[in-house]
Amino acid sequence: MAELDRPGGSPAVPSDWTYAPAPESRDVVHLRDRYGLFIGGEWLEPSETYETISPATEEPLAVIGQASVADVDRAVVAARTAFADGWSSLPGSERAKYLFRIARILQERAREFAVLESLNGGKPIKESRDVDLPLAAAHFFYYAGWADKLEYAFPNRRPRPVGVAGQIIPWNFPLLMLAWKIAPALACGNTVVLKPAETTPLTALLFCDVLRQAELPAGVVNIVTGDGRTGAALVEHDGVDKIAFTGSTDVGKAIQRRLAGSGKKLTLELGGKAANIVFDDCALDQAVEGIVNGIYFNQGHVCCAGSRLLAQESIYEPLVEKLKRRLETLRVGDPLDKNTDVGAINSAMQLEKIRELVESGREEGAEIYQPPCRLPEKGYWFAPTVFTNVAQSYRIAQEEIFGPVLSVLTFRTPEEAIEKANNSPYGLSAGVWTEKGSRILWMAQRLRAGVVWANTFNRFDPSSPFGGYKESGFGREGGLHGLEPYLRFDE
Amino acid sequence: MTRLPIKKTYKLFVGGAFPRSESGRTYEAEGQNVARASRKDVRDAVRAARAAQPGWAGATAYNRGQVLYRLAEMVEARIPEFAELCSGRDEVERSIDRVVWYAGWADKLPQVLGGANPVAGPYFNFTIPEPTGVVAVLAPDEPPLLGLVTRLLPPLVGGNAVVAVASEQRPLAAIELAEAIATSDLPGGVVNLLTGFRSELAPVLASHMDVNALDLGAANGAAAELEQLAAENVKRIVHGGVDVQSPWEIASFLELKTVWHPIGQ
């Protein structure tokens with residue numbers, strides 16, 4: 001600022017256009033020192049605990065319960081009791097009102113949740129404020145409306161609730177994934193035992209206060225925190241009728257194996273390695289924005305991230321040049337700063353995984369580019385990264401990195417783009433950039449992926465079904481299709 | 001002098017052709033020597049199915065409906081032969097009617113199962129059903145014809161290619177059906193029928209990495225083991241009924257694809 005007020009002259013152009021810090025206030029969040037398990041509408045003291053931290057500073061935030069097999073059993077019993085004692089027989093129009101209430105309370109307390117989400121998960125406040133929270137509230141609002149209209153969604157099928165749903169969610173969109181799971185489950189008349197991710201339990205625990213304000217009957221939603229052991233206990237519990245899991249493909253496969261022959265309903269939303277395909281006739285600047293949004297949104301902690309850029313050879317050089325220049329303007333740092341574009345990596349473990357895969361990229365012969373940026377000393381950070389000279393066989397072109405790391409490959413013809421894009425065991429999402437309408441539809445038809453973004457990327461909406469092909473899982477979340485996993489049909 | 005009849009050699013149906021098992025093995029069923037397919041025959045059948053699937057899925061829905069309708073025509077023309085290989089004329093007629101019923105679904109599925117989604121933003125967004133790919137079917141033992149038709153048509157009408165294991169005890173109706181399929185304009189490889197021992201073939205199909213979905217209709221108690229094998233590439237598992245007829249049967253072999261595009265000037 002001093003440069004602007006030179007005495008005796010007109011304001012000079014500052015030599016350095018940096019942003020002043022613009023931190024969002026943390027005052028809106030009131031954390032407790034410790035949280036129990038939310039079972040049957042009450043807070044139960046866990047036998048074991050662990051500490052949850054802010055990944056941006058490694059500062060401890062609260063002590064969290066590690067739910068045991070017995071705790072999970074208590075939660076399932078509470079959910080079963082609530083299911084039998086009225087929730088499942090409540091008229092749909094009454095269930096709807098609870099969900100509408102939850103949506104409204106989330107809107108009212110949106111800032112509090114957004115700050116807490118960024119604090120506990122490391123994502124930029126502008127994302128938790130403008131994406132996670134509005135979408136979470138919208139999801140409850142959308143499914144609230146379905147609760148008394150299920151017969152119209154599934155004519156002649158006599159839809160009925162499944163029973164108790166066990167839900168296991170990831171750490172990349174903690175509250176939003178909770179909304180994706182709980183809203184359709186309750187709308188269909190089920191009760192829920194939900195396990196948040198180990199590293200990001202706080203917004204799910206704060207959500208219990210929303211349930212209190214909404215006066216949701218006790219036991220309809222139970223929240224059990226903990227690590228993989230808690231998740232395993234939930235998967236293996238005989239009293240659970242349906243499992244919904246979002247997370248890694250490895251864990252998804254283990255769950256599918258575990259449930260083999262059990263007759264339990266299962267939906268899996270697993271990993272991805274999406275191709276973002278850029279043709280030479282695209283609107284180049286928009287495509288660059290789409291690529292950046294595709295892979296650096298939420299630090300690349302996105303299962304549908306556009307982690308493989310397929311650039312048409314004829315546009316490769318200007319595209320990569322523009323992309324690198326754009327990367328220099330990304331602001332990496334404090335998740336609570338309103339100007340931050342890329343926040344903290346969610347955990348030490350995830351950072352280690354990203355580093356290991358990036359190292360493999362170097363070793364296999366890819367060329368790495370990282371813009372100059374100063375990373376904070378404390379906390380878990382990784383600079384936005386682009387790999388060029390990537391061969392299809394490299395691990396960075398095959399494996400999900402789940403970090404801010406883009407692998408650039410090239411193609412010449414639309415056929416080759418399809419061949420390369422589909423050359424993956426995953427099939428969650430894909431992107432296409434071209435101004436030619438017929439080519440968009442041709443590509444969209446052939447891409448083996450559950451979501452295709454054409455001339456856009458990473459868009460989400462409660463009315464839009466989301467889910468994978470192949471090893472990216474099965475079942476859809478969102479839209480009318482997102483109801484089906486939570487219903488059985490007396491046809 | 002009475003004429004000595006020509007007896008049929010019962011073979012597999014793979015890639016539109018009628019090969020023997022590469023293993024050279026047969027087993028006796030319904031008084032006939034029937035090919036006993038091997039692991040390698042499964043491999044060949046999956047390869048044929050994978051090769052044929054894009055063309056079948058890429059045909060227009062109207063065309064797929066007509067081809068399946070023609071399958072009904074081909075069976076209708078051989079009702080007496082089929083009747084001898086199953087419980088009788090009634091089972092054949094019900095099978096034919098079921099084929100016709102499913103044929104009519106080909107060009108109606110996207111409107112019933114998909115649609116436009118009213119997203120909160122300037123985007124056009126739609127969801128359409130697409131075939132999951134290669135489907136493995138364990139056909140029920142009984143009824144030998146209707147059971148197979150019931151499990152075969154749902155994946156087919158949606159644009160999948162199928163590798164089916166016929167009823168082990170009563171495989172002749174399946175082979176007869178293969179002959180009808182071969183003259184129905186269904187492209188070679190879209191349906192592949194294997195005869196043999198289910199306990200030998202089912203685990204190979206369940207663990208095959210290029211099979212996308214597994215219909216356990218006739219797993220008979222082996223379902224848990226097969227489902228475990230199927231998890232290796234996250235196969236879609238279907239517990240198919242023996243005598244059901246519903247568009248939701250088709251839907252269980254379909255993926256849903258959602259496409260977004262901005263709206264602007």
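Author: What follows sets values against definitions.

This is a predicted model, in which local features need pLDDT of at least 70, side-chain atom pairs count only at pLDDT 80 or more, and totals for chains, interfaces and linings use all residues. Residues are numbered from 1 along each chain as its sequence is written, chains are lettered from A and ligands numbered from 1 in the order in which they are written, and side-chain values use heavy atoms, with hydrogens and water left out.

Reader: Why is A:T52 called buried?

Author: Buried means under 20% relative accessible area, with a 1.4 Å probe and protein chains only. A:T52 has 2% relative accessibility, so A:T52 counts as buried.

Reader: What is A:T52 in contact with, leaving aside its neighbours within four places in sequence?

Author: Contact means heavy atoms within 4.5 Å. The partners include A:E59, A:L61, A:N120 and A:L202. A:T52 itself is found in strand β3, residues 48–53 of chain A. A strand is a DSSP run of E, at least two residues, numbered from the N terminus.

Reader: How many helices and strands has chain B?

Author: Chain B has 10 helices and 10 strands. A helix is a DSSP run of H or I, at least four residues.

Reader: What makes chain B as compact as a globular protein of that length?

Author: The radius of gyration is taken over C-alpha atoms, and the globule rule is 2.2 Å times the number of residues to the power 0.38. For 265 residues the rule gives 18 Å; chain B has 19 Å, close to that, so it is as compact as a globular protein of that length.

Reader: How much of chain B counts as buried?

Author: Of its 265 residues, 57% count as buried.

Technical notes:
Buried means under 20% relative accessible area, exposed over 50%, partly exposed in between (1.4 Å probe, protein chains only).
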